[in-house]
Amino acid sequence: MMIEELKPIIESLIFVSEEPMSIRQLVAILEGESAEDIEAACEELGREFTERGSGLELRQVAGGYRLATRVEFSEYVRRYLKAQPSARLSLAALETLAVIAYKQPITIPEILEIRGVTSTSAIKTLLDRRLIVAKGHKQVVGRPMMYGTSKEFLIHFGLNDLSELPNLEDFEDLMSS
Amino acid sequence: MEKTKEKDEKGPSAHGAARGPGAQAALESSSAEAEAADQYKVRLAVFEGPLDLLLFLIRKEEVSIYDIPIARVTQQYLDYLRAMQELDIGVAGEFLLMAATLIQIKSQMLLPRDPAIPEDQAEDPRAELVNQLLEHQKFKAAANALHQRATIESATFTRGEIETDKDNPEVASTIFRLFEVFQEVLSRKRAITEIEIAREELTMAEKITEIKRLVSGGAAVSAREIFERARSRRELVLIFLAVLELVKELAIRLEQADTFGEITITRREEGPDAGGGAGDN
């Protein structure tokens, strides 16, 4: 199939999928089409949305594509959905999450070492909101549980994968600057 | 792009720190007024832990994190702890541990350097603390960046969930299946209606009239046939009672030719007046 033909098919698939649609999923559905062609079609599709000033955009989140409304129109969409911005994470939870995101897999004692405070309730909040998941036991004395970020985390923060996290070293010289 | 972002992030935190000296001034004047107390409560809530408090003090004093004037900072740190205790804010163990660490570093720095170790190899007693502070600082900034991302992210919406076959198997039906189900429901409805009619409208008098009509021709009618006309249990019972009533009234005659054989019903010629009278009841 030509990329021109692939585009509308992919668009319809991304429209109906509830989770970000990965290239792998698209390859499985569009039998016989190469991942390269599908990716090219996705990219062109994304460009088209931007070029025609659409209210939607094709975003790459958690290793897949998804259609979402543009940030600029959030006010109107909220008005319609009567949606409240989702409950904010506390500073403690956010910091704990940052430590886990950059240092995963990491145990609770290791988090304590970096933050200088115990993070038990923050960990619970993060687990409840499924932003982090247990990643097995560390093979040291006491076999503490290790934690890492989830797919939910990527979606929540609009990241395609963990490599999109801002570089930690960029934050280094905040103090001296 | 990223750099400007960082600067923006620094904005609010610098602003937060700028509010600090006011609170600190109140502490130095050691006025224990309620207003000052309120300020502390607001202020102290910001300190997530001892590292946070320490970073705040360093920023407030405008000293380099790499060269912390440990005596001064330790003194201020302890002042803060004391203020917290005075205000009945439970001081967590971590804060006290940090106080101990600061005092230890302070005393280490007062000790003369080991002359056996060359100057450039001597380890700064503050090194570990500085590393910890830097690390903590980085994660604070990272948390800030994450927060910004989440804010942007929460301003985009994807379409609502679609009901799929997975969570609603009914949707998987075809229009033909839907029609079948509709018919099933209709026939069930009809059955129910019939029973209702039977309950409301069937009477024994009707059955008696009906049986009389059946046998009016003079020919013998099979009892089984009459019973099989019943469309419900109740109607069957009514027919049975009607037959018994007619026998009692001597309006019909029951005959059984042989044992377990067919029972036939015939009209009784004699005494039709009595039967007719009873039937009208």
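1. Helices (H or I, at least four residues) and strands (E, at least two) are DSSP runs numbered from the N terminus; axes are lines fitted to C-alpha atoms, for helices over the stretch in contact, with angles from 0 to 180 degrees between N-to-C directions.

2. Please keep in mind that this is a predicted model, where local features need pLDDT of at least 70, side-chain atom pairs count only at pLDDT 80 or more, and totals for chains, interfaces and linings use all residues. Residues are numbered from 1 along each chain as its sequence is written, while chains are lettered from A and ligands numbered from 1 in the order in which they are written.

3. Now the sheet: it is open, has three strands in the order β3-β5-β4 (chain A), and its pairing is antiparallel. Strands pair if DSSP finds at least two bridges between them. β3(A) and β5(A) are joined over two bridges, and Thr107(A) stands opposite Met146(A) in β5(A).

4. On to the chain contact, which takes 35 residues from chain A and 34 from chain B. Contact here means C-beta atoms, placed from the backbone, within 7 Å. On the side of chain B that touches chain A, α6(B) gives the most, with 17 residues.

5. Finally, look at Ala142(B): not counting residues up to four places away in sequence, this residue touches Ala98(A), Tyr102(A), Pro166(A), Leu168(A) and Phe171(A).

Key
Contact = placed C-beta atoms within 7 Å.
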